[in-house]
Amino acid sequence: MTGNLPLDINIKEPQWDQGTFLGRAQHFFKVTDPRTVLLSSESLEDARVTVENYRAGIVKPGLTEDELWKAKYIYDSAFHPDTGEKMFVIGRMSAQVPMNMSITGSMLTFYRTVPAVVFWQWVNQSFNAVVNYTNRSGDAPLSNNQLAVGYASATTGAVVTALGLKSLAKSLPAIMSRFVPFAAVAAANCINIPFMRQRELKYGIPVTDESGNRLGESPNAAKQAIAQVVVSRIGMAVPAMAIPPVIMNALEKKAFMKRFPVLNAPVQVGLVGLCLVFATPLCCALFPQKSSMTVSSLEGHLQERIQQISPQTTTVYFNKGL
């Protein structure tokens, strides 16, 4: 039984055109809205029921189109697009701004000693590992052993990289030392994301035709997806880790900052947060969430399979993850 709302609204796709950067940006400003982190379990469950019922042709009486889209974006912010499972709260993209502003602000504030660098790089990469696992592409589970190896490799690589860069920066001007955390994070993202998504690189991620019919799994698609996510993550870090150091370097010379050095950390965290509010959705929007590649770019055996079961298909689609 249906209500008054028509059933032809395609909530499987974003509300805005994903073929343009502006459309993708509007979509990700909704998905990464940090306010959704504060929603109760009841609100999330209500959104899930509303979305899944609508997809099944059941419309809650009195439901409006605006309410449907609101429920869809609440659902997208908290539930994995491939598995449908509720994502761990700090791993959601909507938690990126509050979590990253605290961690990144601390990394930029406490960068002068080796113990501080090691601790905050470990905290940051542990958080990134949670985010990378939570936002992986595909629906195949990782074993505990794979998860442990990926986490250990990613965090160790990140900390070693940070210490190496800090050592190199000793002979550079003080302002350059402030950029060590950014350089370490950029390098670490190139390590962390592939390690935490190593299963995808080995076994592939699901690829579908334009109608969403699953055609198989492709490691080549996984390579493209992970490369795009690495670029986006580094892009997110650029404003938050490059702009505040320049501002703080100037502020620390001011009399009021010398008088109240305790303000250093909160001011830095605030600056990072301001940058992340815009950098997170805009960098997520660099590439479509539903990425694509030509069939000719897939593995030989998968090309043959697609030729047999769907000969008219020339392009496949996949969730790149975030």
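The model is a predicted one, and residues are counted from 1 along the chain as its sequence is written.

Start with the inside. The count comes to two cavities of 30 Å³ or more. The largest cavity holds about 170 Å³ of space. Its lining is made up of 13 residues, and those closest to the cavity centre are N100, N128, V185, R233 and A237. Helix 10 gives the most, with five residues. Sorted by class, the lining of the largest cavity comes out as six nonpolar, six polar and one charged residues.

The second largest cavity has a volume of about 30 Å³. Around it sit V229, S232, R233, M236, C284, K320 and L322. Four of these lining residues are nonpolar, one is polar and two are charged. Helix 10 turns up again, giving the most to the lining of the second largest cavity with four residues.

F29, L274, V277 and F278 together make a nonpolar surface patch of about 370 Å². The largest share of that patch comes from helix 12 (residues 264-284), which supplies three residues. V277 has its place in helix 12. With a relative accessibility of 37%, V277 counts as partly exposed, since that class covers values between the 20% limit for buried and the 50% limit for exposed. A residue also needs over 30% relative accessible area to be part of a patch, and V277 has 37%.

That leaves the charged pairs. Side chains of opposite charge can pair when their charged atoms come close. The structure holds six salt bridges, and a few of them are worth a look one by one.

In one of them, the side chains of R35 and D33 meet, at 2.7 Å from N to O. Are these two partners buried or exposed? R35 is exposed, with a relative accessible area of 62%, whereas D33 counts as buried at 16% relative accessibility.

Another salt bridge joins the side chains of E45 and R48, with an N to O distance of 2.3 Å. Both residues belong to helix 2 (residues 41-55), and because they are three residues apart there, about one helical turn separates them. E45 counts as partly exposed, at 34% relative accessibility. R48 is partly exposed too, with a relative accessible area of 21%.

R214 forms a salt bridge with E217, and the closest N and O atoms of this pair are 2.9 Å apart. R214 has a relative accessibility of 41% and so counts as partly exposed. For E217 the relative accessible area is 34%, which again means partly exposed. Some salt bridges also share partners, and in this way E45, R48 and E52 are joined into one network.

Technical notes: Predicted model: local features only at pLDDT ≥ 70, side-chain atom pairs only at ≥ 80, totals over all residues. Heavy atoms only, no water. Patch = residues over 30% accessible without salt bridge, like charges linked within 9 Å, V, L, I, M, F, W, Y side chains within 5 Å. Areas by Shrake-Rupley, 256 points an atom, 1.4 Å probe, with all protein chains shown as cover. Salt bridge = Lys/Arg side-chain N within 4 Å of Asp/Glu carboxyl O. Helix = DSSP H or I, 4+ residues; strand = E, 2+ residues; numbered from the N terminus. Buried < 20%, exposed > 50% of the residue type's maximum accessible area, 1.4 Å probe, protein only. 1 Å grid on protein atoms, 1.4 Å probe; cavity = no way out; pocket = protein on both sides within 12 Å on 5 of 7 lines; lining within 4 Å. Points joined across faces, edges and corners; volume = space filled by probe spheres on them. Nonpolar A, V, L, I, M, F, W, Y, C, P; charged D, E, K, R; others polar.
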